[in-house]
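Here is a short briefing on one protein model. Please look over the sequence and the structure before reading on.

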Amino acid sequence: MAFLDPPRILVAAAAGSLAEEYCEALREAGAEPLLTNAGDDRARTEIGGLLLTGGGDVDPALYGLSSPLAAGIDSARDAFESGLLWEARQRALPTLCICRGLQIANVAFGGSLIPDLPATLGPQATVPHELIGPDGRARREPIPGHVVEIEGGSSLARIVRASNVTTGARHHQSVDRCAQELRVVGRTRDGVIEALEATFDSPFWLAVQWHPESTRDTDDGASRRIFDAFVLAARNLPRT
């Protein structure tokens, strides 16, 4: 039985994005990234895994809401990545979803989102889910106070070897109703859902709301262990 080595990981990103940090993290873990975006119709038969990246907001219309606070909506990307998620599930491909990736995965499998955390939570928003630096851009390093409590016995707990992890954060949407296809395995203390795993069979399926590609050198190895586990699952996927 032949295996993909190095495994090729399909990296879905916004049109025009090079997804540099994501691709670097995959290469460091021993994978070969293959960038794709909406409209790409290339054959993907030799793919060992799927990575969904961050970006603009998922369209609230997909889960029956409207919000003037939603920004960067790309309906073509929403549809394209939803299709990739279902294809990956059907093929039992290892899948890692990051930030927006978590959100579109939850919606694609039937869940819903909070369109804007500050507007919805108000004073209950006691954890900083985004901090803006002096340069006017969201900070990329772990944020003190943004601690994700991880469910014991979950795959995520096993991967990061911890019951909690301090992460970066730069999001204003989050999971509201979790899809039945998924389960919650991580939250911050204000109740915001930060990590999901699949309830269906998969060699690896993980979605995180934070950005492990940006914190590989600053979180005591938790981020690298996520990418290492993902790539290992892709490497062990039999070639069909």
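In which strand is valine 147 found? Valine 147 is found in strand E6 (residues 147-150). This is a predicted model: local features need pLDDT of at least 70, side-chain atom pairs count only at pLDDT 80 or more, and totals for chains, interfaces and linings use all residues. Residues are numbered from 1 along each chain as its sequence is written, and side-chain values use heavy atoms, with hydrogens and water left out. Helices (H or I, at least four residues) and strands (E, at least two) are DSSP runs, numbered from the N terminus.

**Valine 147**

- Valine 147 counts as partly exposed, because its relative accessibility is 22%. Buried means under 20% relative accessible area, exposed over 50%, and partly exposed in between (1.4 Å probe, protein chains only).
- Leaving aside residues up to four places away in sequence, valine 147 touches Asn164, Val165, Thr166, Arg187, Thr188 and Arg189. Contact means heavy atoms within 4.5 Å.
- Arginine 225 is 78 residues from valine 147 in sequence and 17 Å away in space, C-alpha to C-alpha.

**The sheet**

- Nine strands form an open sheet with mixed pairing, in the order E2-E1-E3-E4-E11-E10-E9-E6-E7. Two strands pair if DSSP finds at least two bridges between them.
- Strand E2 (32-36) and strand E7 (164-166) are the edge strands, each pairing on one side only.
- On average, neighbouring strands of this sheet are turned by 20° against each other, direction ignored. Axes are lines fitted to C-alpha atoms, for helices over the stretch in contact, and angles run from 0 to 180 degrees between N-to-C directions.

**Strand E10 and its partners**

- Six of the six residues of strand E10 (residues 193-198) are buried, so E10 is largely enclosed by the rest of the structure.
- Strand E9 (residues 182-187) runs antiparallel to E10, joined by five bridges. Leucine 182 stands opposite alanine 198 in E10.
- E9 and E10 form a hairpin with five residues between them. Glycine 191, in the turn, has a positive phi of about 90°.
- Strand E11 (residues 205-208) is also antiparallel to E10, over three bridges. A hairpin of six residues joins E10 to E11.
- Glutamate 197 has leucine 206 in E11 as its bridge partner.
- Strand E4 (residues 95-98) pairs with E11 in the parallel sense, over four bridges. Here leucine 96 stands opposite leucine 206.

**Helices across the sheet**

- Helix H2 (residues 75-91) lies across strand E1 (8-12), E2, strand E3 (49-52), E4 and E11. H2 runs at about 150° to E3.
- Helix H3 (residues 100-108) lies across E3, E4, E9, E10 and E11, and runs at about 115° to E4.

**Pockets**

- On a 1 Å grid over the protein atoms alone, a pocket is an open set of points where a 1.4 Å probe fits, with protein on both sides within 12 Å along at least five of seven lines; lining residues have an atom within 4 Å of a point.
- The largest pocket is lined by 16 residues, with Gly55, Gly56, Asp57, Arg170 and His171 nearest its centre.
- The second largest pocket is lined by 13 residues, with Ser155, Arg158, Pro203, Phe204 and Trp205 nearest its centre.
- Helix H5 (155-160), E10, E11 and helix H6 (222-235) each supply at least two residues of the second pocket's lining. H5 gives the most, with three residues.
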